[in-house]
Number of protein chains: 2
Amino acid sequence: MKIELEQVSPHEIEKRSFEIITEELNGRTFPEDQELVVKRCIHTSADFDYADNLCFSEHAVAKGIEAIREGACIVTDTQMARSGINKKVLARHGGEALCFMSDEDVAARAKETGSTRAAACMEKAAELDKKLIIAVGNAPTALVRLYELIGEGKIKPALIIGVPVGFVNVVQSKELIMQTNIPYIVARGRKGGSNIAACICNALLYMMDQDRGY
Amino acid sequence: MKIELEQVSPHEIEKRSFEIITEELNGRTFPEDQELVVKRCIHTSADFDYADNLCFSEHAVAKGIEAIREGACIVTDTQMARSGINKKVLARHGGEALCFMSDEDVAARAKETGSTRAAACMEKAAELDKKLIIAVGNAPTALVRLYELIGEGKIKPALIIGVPVGFVNVVQSKELIMQTNIPYIVARGRKGGSNIAACICNALLYMMDQDRGY
């Protein structure tokens with residue numbers, strides 16, 4: 001079988017990808033602030049389900065961007081999500097990407113409380129005296145603990161990116177977050193992932209970078 | 001709305017997830033060596049498309065495991081994929097996970113040749129005097145260059161994990177790899193990702209770890 005490659009120069013690949021995504025969305029429109037987030041998630045996963053499952057609280061994108069502009073740090077629940085975030089652009093605004101999953105005190109805390117390390121990470125985040133965006137791409141237990149900490153008044157993130165993936169309490173953990181009064185971007189249902197968490201963070205960073213007026 | 005959480009202890013979550021995946025696969029069976037790879041990809045993405053799109057060359061899983069046992073290194077095309085690989089288990093067998101995407105010589109080489117950094121990474125990998133597994137989760141340009149290097153006799157990986165994601169030459173790059181005589185695990189079509197690349201590596205590592213007889 002002869003395989004024909006499309007001739008696209010390296011710096012045009014992303015642009016061409018977004019054109020294909022737009023074509024295949026077949027005229028479907030999104031609120032202007034949400035469009036790039038939705039399309040980047042589809043770009044990252046080749047999964048058009050993100051056109052339907054992403055839920056945004058009011059002005060979530062603007063609030064996330066404002067927080068980054070004010071130097072917010074992004075706390076992730078996996079090293080993989082942290083690794084995927086464009087930390088150079090984030091640093092330009094004074095923020096950094098943090099993940100506590102490999103920290104010894106987090107392992108000890110999880111063991112002590114019979115919880116997961118991801119949940120213990122949220123407790124550690126609650127002890128930081130910083131403006132925070134929490135990006136959960138893996139562990140629903142992190143989102144559930146975050147929900148409890150919010151209820152106890154121990155943490156008040158500027159934005160929650162709630163996109164854990166999987167089969168046990170994933171759906172529920174996202175619904176809990178959507179019941180708080182904290183701004184959120186959530187992928188309703190089972191889907192998500194560390195790649196999606198990083199991708200949503202990058203969508204916000206790139207909107208700022210491109211001076212799109214947010 | 002009252003949200004009911006399923007009561008599952010931290011160390012049972014993965015087991016319970018795999019039970020749900022097995023249930024929803026509804027009696028569908030896979031070759032024994034491929035089953036864990038397929039289920040881990042579904043576990044990582046909550047996307048049952050991986051039950052259909054994963055393609056394995058003959059004995060690909062056994063060949064990958066043999067390579068790791070012989071100390072093979074895993075070269076990825078993103079830091080994110082490298083970050084997701086269980087490097088402790090890999091190190092137990094003498095291997096390490098490598099990603100050259102942030103290397104200055106790779107950036108220079110890409111600029112010089114008008115190619116992508118991901119393609120330049122494959123050239124750098126071809127210069128290593130090591131047994132290699134190449135895991136591509138992002139850039140089809142890496143797979144295309146890898147295909148060319150194989151044709152030129154410059155690299156002969158023990159296994160290719162070919163799961164780039166996206167819209168431009170992604171489908172084609174995977175078909176090219178499946179035309180080589182190199183063992184492969186490929187997610188046919190557009191889907192894949194750094195998370196999927198890491199997940200397939202970990203599936204191999206965990207099969208070895210659990211002494212499943214490979």
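This is a predicted model: local features need pLDDT of at least 70, side-chain atom pairs count only at pLDDT 80 or more; totals for chains, interfaces and linings use all residues.
**Figure 1. The interface between chain A and chain B.** On the side of chain A, 44 residues are in contact with 44 residues of chain B. The area buried between chain A and chain B comes to about 3,500 Å², and carbon and sulfur atoms give 67% of it. A:Met80, A:Phe167 and A:Val168 together supply 21% of the area that chain A buries against chain B, which is more than any other three residues supply. Polar contact between chain A and chain B is counted for 11 residue pairs, both residues being at pLDDT 80 or more. The helices of chain A that each supply at least two residues of the side touching chain B are α1 (13-24), α2 (32-45), α5 (79-84), α9 (140-151), α10 (170-178) and α11 (194-209). The largest share of this side, six residues, comes from α1(A). Sorted by class, the side of chain A that touches chain B has 19 nonpolar, 17 polar and eight charged residues.

Figure 2. When neighbours within four places in sequence are left aside, the residues in contact with A:Met80 are A:Ser194 of chain A and, from chain B, B:Met80, B:Ala81, B:Ser83, B:Gly84, B:Ser194, B:Asn195 and B:Ala198. A:Glu12 stands 68 residues from A:Met80 along the chain, and the C-alpha atoms of A:Met80 and A:Glu12 are separated by 26 Å.

**Figure 3. Salt bridges across the interface.** Four salt bridges are found across the interface of chain A and chain B. One salt bridge that joins the two chains is formed by B:Glu24 with A:Arg190, whose closest N and O atoms are 2.5 Å apart. Over all chains, a search of the whole structure finds 44 salt bridges.

Figure 4. A:Arg16 and A:Glu19 form a salt bridge in which the closest N and O atoms are 3.1 Å apart. Because A:Arg16 and A:Glu19 are three residues apart in helix α1 of chain A, about one helical turn separates them. A:Arg16 is partly exposed, at 23% relative accessibility, and A:Glu19 is also partly exposed, with a relative accessible area of 34%. Elsewhere in chain A, a network of salt bridges links A:Arg109, A:Glu123, A:Glu127, A:Arg145, A:Glu148, A:Glu152 and A:Lys154.

**Figure 5. B:Arg40 and its salt bridge to B:Glu14.** The closest N and O atoms of the salt bridge between B:Arg40 and B:Glu14 are 3.2 Å apart. This pair links distant parts of the chain, as B:Arg40 is in helix α2 (residues 32-45) of chain B and B:Glu14 is in helix α1 (residues 13-24) of chain B, 26 residues apart. B:Arg40 is buried, with a relative accessible area of 10%, whereas B:Glu14 is partly exposed at 39%. Apart from neighbours within four places in sequence, B:Arg40 is in contact with B:Glu14, B:Phe18, B:Cys199, B:Ala203 and B:Tyr206.

**Figure 6. The salt bridge between B:Asp103 and B:Lys124.** The side chains of B:Asp103 and B:Lys124 meet in a salt bridge, with an N to O distance of 2.8 Å. B:Asp103 lies in the loop between β3 (97-99) and α7 (104-113) of chain B, and B:Lys124 lies in helix α8 (residues 117-126) of chain B, so the pair ties together parts that are 21 residues apart in sequence. B:Asp103 is partly exposed, with a relative accessible area of 22%, while B:Lys124 counts as buried at 17% relative accessibility.

How values were computed: Residues are numbered from 1 along each chain as its sequence is written. Chains are lettered from A and ligands numbered from 1 in the order in which they are written. Side-chain values use heavy atoms; hydrogens and water are left out. Contact means heavy atoms within 4.5 Å. Buried area is the accessible area (1.4 Å probe) that two parts lose on being put together, summed over both. A polar contact is a pair of N or O atoms within 3.5 Å; within protein, one must be able to donate a hydrogen and the other to accept it, and residues adjacent in sequence count only if both atoms are side-chain atoms. Helices (H or I, at least four residues) and strands (E, at least two) are DSSP runs, numbered from the N terminus. Ala, Val, Leu, Ile, Met, Phe, Trp, Tyr, Cys and Pro count as nonpolar, Asp, Glu, Lys and Arg as charged, and the others, Gly among them, as polar. Buried means under 20% relative accessible area, exposed over 50%, partly exposed in between (1.4 Å probe, protein chains only).
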